[in-house]
Amino acid sequence: MTEWTILWEARALFLDGLLATLGLFALSIICAFVLGCAWVFLLEERNRLSIVVRGWINLMRTLPFLILAYLLYYGLPELGLRMSAWTAGLLALVIYHAAYFAEILRGSRLVLPEGYIEAAKAHGFTPLRLYLRITLPQLLIKTRPLLGNQLIIALKDTAFLTIITVQELTAAANSVQSTYFIPTQAFVVVIVMYWLISICLELALKRAGRFGARRGFDHV
Amino acid sequence: MSEPSIAIPAVSIRKLSKSFDGVEVLRDIDLVVNKGEVVSVLGSSGSGKSTMLRCINWLEEPDRGSIHIAGQRIGINEQTRRKMTSKELATLRARTGMVFQGFNLWPHLSVIQNVMESPIYVKRMPKDQARAIAVELLEKVGLADKHEAYPFTLSGGQKQRVAIARALAMSPEVILFDEPTSALDPERVGEVLQVMKNLSSEGYTMIVVTHEMEFARAVSDQVVFLDKGRIIEKAPPLKFFSNPDTERVRKFLEITA
């Protein structure tokens with residue numbers, strides 16, 4: 001039996017891992033994205049809460065992702081909060097990448113011309129509607145390439161969760177390679193899979209760029 | 001019902017003062033604008049014209065004084081004596097319209113969406129109704145063929161006419177114009193002024209900060225002149241342009257004539 005036939009025999013394992021990775025990734029980036037947008041809305045008000053949010057975002061940005069995952073999975077049980085590996089991993093992805101999404105949007109918010117906001121205020125928009133209808137859409141159009149990059153980073157960060165025993169794609173490869181001792185081939189397979197997902201993400205985001213281009217936005 | 005409301009001015013400003021970092025830009029401004037009136041606000045750059053206008057819808061927060069929009073105080077809740085919440089402020093701002101020097105059309109929305117946006121998301125108007133109003137208003141400002149265009153494809157004059165339609169869509173008590181033609185090339189100024197002239201003859205209440213003397217002379221009911229943050233002259237255009245009380249205005253008119 002060659003190494004490649006072994007891998008083919010183990011395809012169910014890879015497929016399960018792939019589905020777990022895709023599920024984890026999809027759910028985590030949706031939640032992280034919504035949370036990141038919420039952080040930026042809270043930053044708009046410039047009150048005490050926004051200072052706390054700012055501090056939290058900075059804390060997340062200075063923390064290695066793996067340590068956050070360790071803390072949630074191995075640290076929190078000491079405080080009586082026990083989660084499954086999957087839940088802890090998801091939570092880590094969500095709060096970590098929410099901070100990055102927020103930071104990307106915040107950077108764009110800083111250079112958004114105030115006139116658009118003033119026009120909306122003058123027409124009677126309340127803060128939340130103003131944010132959702134006028135501010136956020138423009139931020140998303142302008143930051144599309146950066147958001148796309150962050151999605152790919154988030155995808156790759158799911159691989160870390162193998163260390164806290166989440167049964168995702170990298171865990172599948174690791175299990176196959178250690179059982180049959182074929183590390184190169186097993187990892188090449190998952191590398192190709194991560195690569196394919198990334199390509200799909202890139203293509204989808206490129207299409208989304210047309211939305212901004214039609215509206216005359218630059219560098220989208 | 002409507003009889004008593006006629007007496008309430010669209011805008012009344014009392015003892016309005018405002019400083020920026022210790023520099024006084026407005027001092028004891030008093031101004032009453034009645035319904036259907038057009039008031040032109042003149043003065044050199046830095047005289048406080050725009051700040052005064054921006055105080056009316058609380059884009060700038062005055063230090064002292066009061067402003068009433070159709071009888072309702074803006075900025076301060078009269079019952080609680082506290083600053084208005086953003087929601088209360090929004091409700092009152094929805095009754096004023098504003099047209100900016102830099103247009104400020106929302107770039108991610110098409111022309112008709114720009115006009116429909118506030119009726120739908122501020123007034124909670126059904127989409128069909130908002131669209132019908134927007135179609136009518138774009139017709140009025142001469143842009144019936146631009147519904148689906150995005151702002152970046154329009155000329156300055158066209159953008160400003162969309163901005164006027166956007167303000168009108170909220171049926172405001174008063175429309176505030178902040179140097180609406182200052183960013184336009186001379187060929188485009190006329191089309192915007194013509195739209196504004198039409199509005200005045202339709203009975204819209206307008207406060208217009210401008211450098212367009214001819215517009216002020218032909219269209220306004222009152223001309224107000226600001227100098228160093230004070231109103232130093234307030235008169236009907238005929239008197240203002242032919243026989244001003246102050247030397248400062250006489251000089252201003254000589255230079256700009």
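In what order do the 6 strands of the open sheet in chain B lie?

1. The model is a predicted one. In chain B, the strands of the open sheet follow the order 8-9-10-3-11-12, and their pairing is mixed. Strand 8 (96–99) and strand 12 (230–235) of chain B are the edge strands; each has a single partner strand, so one side of each lacks a neighbour in the sheet. From one strand to the next, the twist averages 20 degrees.

2. Elsewhere in chain B, helix 4 (residues 111–121) and helix 5 (residues 127–140) cross at roughly 135 degrees, and their axes come within 9 Å. Helix 4 of chain B is therefore oblique to helix 5 of chain B. The crossing is right-handed. On the helix 4 side the contact includes B:V111, B:V115 and B:I120, and on the helix 5 side it includes B:K127, B:R131 and B:L138. By class, the residues of this contact are 12 nonpolar, no polar and 2 charged.

3. In chain A, helix 2 (residues 11–44) packs against helix 7 (residues 127–157) at an angle of about 140 degrees, with the axes 10 Å apart. Angles over 145 degrees would count as roughly antiparallel, so helix 2 of chain A is classed as oblique to helix 7 of chain A. This crossing, too, is right-handed. Among the residues that meet are A:T21, A:F25, A:F33 and A:E44 from helix 2 of chain A, and A:P127, A:Y131, A:L140 and A:L155 from helix 7 of chain A. The contact has 15 nonpolar, 1 polar and 1 charged residues.

4. A last point concerns a single residue. A:T184 lies in helix 9 (residues 183–214) of chain A. Is A:T184 buried or exposed? Its relative accessible area is 55%, so A:T184 is exposed, the cut-off for that class being over 50%. The C-alpha atom of A:T184 is separated by 9.9 Å from that of A:A173, which is 11 residues apart from A:T184 along the chain.

Terms used
Residues numbered from 1 in each chain as written. Chains lettered and ligands numbered in written order. Predicted model: local features only at pLDDT ≥ 70, side-chain atom pairs only at ≥ 80, totals over all residues. Heavy atoms only, no water. Helix = DSSP H or I, 4+ residues; strand = E, 2+ residues; numbered from the N terminus. Buried < 20%, exposed > 50% of the residue type's maximum accessible area, 1.4 Å probe, protein only. Pairing = 2+ DSSP bridges. Axes fitted to C-alpha atoms, helices over the stretch in contact; angles between N-to-C directions. Parallel < 35°, antiparallel > 145°, perpendicular 65-115°, else oblique. Left-handed = near helix turned anticlockwise from the far one by under 90°. Contact = heavy atoms within 4.5 Å. Nonpolar A, V, L, I, M, F, W, Y, C, P; charged D, E, K, R; others polar.
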